Amino acid sequence: MADLQAPIINWQVMAGDSKAGFGEQRILLIAQATGEAVAKELLEDVQQTEIATLCGANSMATMAYNRIKKYNKANEIDIIPLAEPVGATKAQGGISVTGTAGENKTLNFKVGDDEFEFNATIIKDETASEIAIKIMNAINAKDYPFTASIDAGDTGLVLIDFDIAGEVANGITSRINTRVLGLSFSVVQFTGGAGAYDVDGIF
């Protein structure tokens with residue numbers, strides 16, 4: 001990001017004609033998209049008002065675009081959208097809960113990135129199974145690229161699927177930011193995502 005935003009300073013020994021500012025720089029994103037845009041066809045100077053329609057609300061392209069615009073409103077952004085690989089699989093992680101809550105508390109946790117933050121209200125004497133359901137509901141209530149469910153064989157285990165297929169989410173993990181008396185939490189790193197994106201012919 002810093003290299004893309006580095007200003008170019010022009011000094012001219014000519015009264016009233018010195019210039020300073022950003023050079024003619026553009027940002028190119030090549031990323032998974034699910035919207036109306038045609039895969040591998042260049043979209044030039046994409047606007048905030050059209051990114052979700054063109055690339056899909058929770059696509060990698062849209063998330064990267066929004067992250068860049070949060071810190072850099074100066075440069076134009078071009079996008080080459082990629083279709084998800086045929087037969088690709090999605091990565092899955094999880095959060096495991098054991099014990100019984102010994103206090104009332106707001107549980108704060110994150111999945112994968114500081115942008116994806118969640119809260120669940122814990123009530124004293126709630127069981128691991130009840131708390132797992134609250135964690136699942138907190139994840140599914142957000143417009144984030146994750147879908148949570150309860151494991152069929154372990155009601156204290158919340159399974160978290162990354163909604164975008166491919167290897168991109170392998171290795172990410174969750175983080176529990178709150179200690180709750182009587183409870184233990186463990187996180188399961190995301191694995192199982194498979195499928196390479198087709199970039200042939202782009203360069």
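In which loop is Asp-125 found? The legends below describe close-up views of a predicted model, and the first view gives the answer.

**View 1. Asp-125 in the loop between β7 and α4.** Asp-125 is found between strand β7, which covers residues 117-122, and helix α4, which covers residues 128-141. The residue is not a glycine, yet its phi is positive, at about 80°. Asp-125 has a relative accessible area of 54%, and it is classed as exposed because this value is over the 50% cut-off.

**View 2. Lys-40 in the loop between β3 and α2.** Lys-40 also has a positive phi although it is not a glycine, here of about 70°. The relative accessible area of Lys-40 is 33%. Lys-40 therefore counts as partly exposed, a class that lies between the limits of 20% and 50%.

**View 3. Leu-42 and its contacts.** Leu-42 is located in the loop that runs between β3 (26-32) and α2 (51-55). With a relative accessible area of 46%, Leu-42 is partly exposed. When residues up to four places away in sequence are not counted, Leu-42 touches Leu-28, Asp-78, Ile-79 and Ile-80. Ile-30 is 12 residues from Leu-42 in sequence, and the C-alpha atoms of the two residues are 9.3 Å apart in space.

**View 4. Lys-110 in strand β6.** Strand β6 spans residues 105-111 and includes Lys-110. Is Lys-110 buried or exposed? Its relative accessibility is 14%, so Lys-110 counts as buried, the cut-off being under 20%. Apart from neighbours within four places in sequence, Lys-110 is in contact with Phe-116, Glu-117, Ser-174, Arg-175 and Asn-177.

**View 5. The largest pocket of the model.** This pocket has a volume of about 450 Å³. Its lining comprises 19 residues, of which Met-63, Arg-67, Asp-113, Glu-115 and Phe-116 are the closest to the pocket centre.

Key: Residues numbered from 1 in each chain as written. Predicted model: local features only at pLDDT ≥ 70, side-chain atom pairs only at ≥ 80, totals over all residues. Heavy atoms only, no water. 1 Å grid on protein atoms, 1.4 Å probe; cavity = no way out; pocket = protein on both sides within 12 Å on 5 of 7 lines; lining within 4 Å. Points joined across faces, edges and corners; volume = space filled by probe spheres on them. Helix = DSSP H or I, 4+ residues; strand = E, 2+ residues; numbered from the N terminus. Buried < 20%, exposed > 50% of the residue type's maximum accessible area, 1.4 Å probe, protein only. Contact = heavy atoms within 4.5 Å.
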